[in-house]
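The following questions and answers concern a predicted model. Please examine the sequence and structure before reading on.

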Amino acid sequence: MSIFSHSAYDKHEQVAFYQDAKSGLKAIIAVHNTNLGPSLGGCRMWPYADDGEALNDVLRLSRGMTYKSAMAGLKLGGGKSVIIGDPRKEKTPELLRAMGEFINTLGGRYITAEDSGTSVADMSVIGETTEYVSGLFAGSEYGGDPSPSTAYGVFVGLKAAVEHRWGKTDLTGLKVSIQGVGNVGFRLGKLLKDAGAELFVTDIFQDNIDRAVIELGAIAVTAEEIFDLDVDLFAPCAMGAILNDDTISRLKVGAVAGAANNQLAEERHAAALREKGILYAPDYVINAGGIIDVYYQQKGDYDANEVRAHIEEIGNTMKEVFVRADETGETTAHVADRIAEERFGHHSVTGSSENKSGTVAA
């Protein structure tokens, strides 16, 4: 099947494939849109079932980065990279250096950073062979790691969802199920615990679950049970496409607000959530804290207070999305898409008001 006819292809500007036999690297970089600036997005390393799954993920993730940066008011485009492999078993310095060489071939159109399966230390190694890497600024609040900022942004957006759905600002007693308690999910859990919420967690790694139980007082459940819990809010903080026909039919929550990218398996699932009375916080709006942090690192004038203030604007953006959805009867996902497209569609590289599909943005 041609890339151009792939279901996740969305007028991407560039999709590049790379294989290095010596290091074992197999990777893909997707640049979705550079209207607002160079594409910036994390490098994910994951043991994908096959190459097709990796391609689908990088296409969806890179598109999401375009919308995320636009909604966060950043002068960045959307891109993403994926390395096919198990980060706990197959990651080596040689592989990471080869990834840096791959990134160099795009000549600065794509800038990488941390993501699932990679870390600040990994970015340092990648940085040995490319200058197009971010999330390394030692002067940032967390030494370059954007995970805490992502978690804080999700927490801010989650509070906006709770206020809109239940009309309250106090999270005491709020029951929250968290799917995935890795770098971001665990930190979100800590913020929620400190705010008085009750936590139910699951993860593919038992050590992550154990840490959440011991340090956060969370109740552990299985990967399947997480969808059937009678709780207030579901926070997906793992992989994407977990809101589908099966899982939505099982949810008993009033809202979904989490850090995972591409939570909706298909666009129509936003309507399915709305029909069940479940308020959905669009993922690329609520999880923009990390890219905001990395953006300020990339600019070179990092100020922790300025970054935090920018991240806290996620709450106001979420409120705008919720209110517009109520007023128009549209899904929150559709409203967020329209706002983002208004922003990046009017800033093409040629100065035209047309977006990449050739249609005038609303």
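Q: What volume does the second largest pocket have?
A: In this predicted model, the second largest pocket is lined by 28 residues. Among those lining residues, Arg60, Arg63, Asn262, Glu267 and Asp337 lie nearest the centre of the pocket. The volume of this pocket is about 610 Å³.

Q: Which helix supplies the largest share of the lining of the second largest pocket?
A: At least two lining residues come from each of α1 (51–71), α9 (283–286) and α12 (332–344). By class, the lining holds eight polar, eight charged and 12 nonpolar residues. The largest share, eight residues, is supplied by helix α1.

Q: At what angle do helix α4 and helix α11 pack?
A: Helix α4 spans residues 147–166 and helix α11 spans residues 304–328. Their axes are 9 Å apart, and the crossing of α4 and α11 is right-handed. The packing angle is about 35 degrees.

Q: How many residues of the contact of α4 with α11 are nonpolar?
A: On the α4 side, the contact includes Tyr152, Val156, Ala160 and Glu163. From α11, the residues met include Arg308, Ile311, Met318 and Phe322. Beside five polar and five charged residues, the number of nonpolar residues in this contact is nine.

Q: Which strands are the edge strands of the open sheet of six strands?
A: The order of the strands in this open sheet is β9-β8-β7-β10-β11-β12, with parallel pairing. An edge strand here pairs on one side only. The edge strands are β9 (219–220) and β12 (279–280).

Q: Which residue in β9 does Val201 stand opposite?
A: Strand β8 covers residues 198–202 and runs parallel to β9. Two bridges join β8 to β9. The residue in β9 opposite Val201 is Ala220.

Notes
Residues are numbered from 1 along each chain as its sequence is written. This is a predicted model: local features need pLDDT of at least 70, side-chain atom pairs count only at pLDDT 80 or more; totals for chains, interfaces and linings use all residues. Side-chain values use heavy atoms; hydrogens and water are left out. Axes are lines fitted to C-alpha atoms, for helices over the stretch in contact, and angles run from 0 to 180 degrees between N-to-C directions. Helices (H or I, at least four residues) and strands (E, at least two) are DSSP runs, numbered from the N terminus. A crossing is left-handed if the near helix is turned anticlockwise from the far one by less than a right angle, and right-handed if clockwise. Contact means heavy atoms within 4.5 Å. Ala, Val, Leu, Ile, Met, Phe, Trp, Tyr, Cys and Pro count as nonpolar, Asp, Glu, Lys and Arg as charged, and the others, Gly among them, as polar. Two strands pair if DSSP finds at least two bridges between them. On a 1 Å grid over the protein atoms alone, a cavity is a set of points where a 1.4 Å probe fits but cannot get out, and a pocket is an open set with protein on both sides within 12 Å along at least five of seven lines; lining residues have an atom within 4 Å of a point. Grid points are joined across faces, edges and corners, and a volume is the space filled by probe spheres set on the points.
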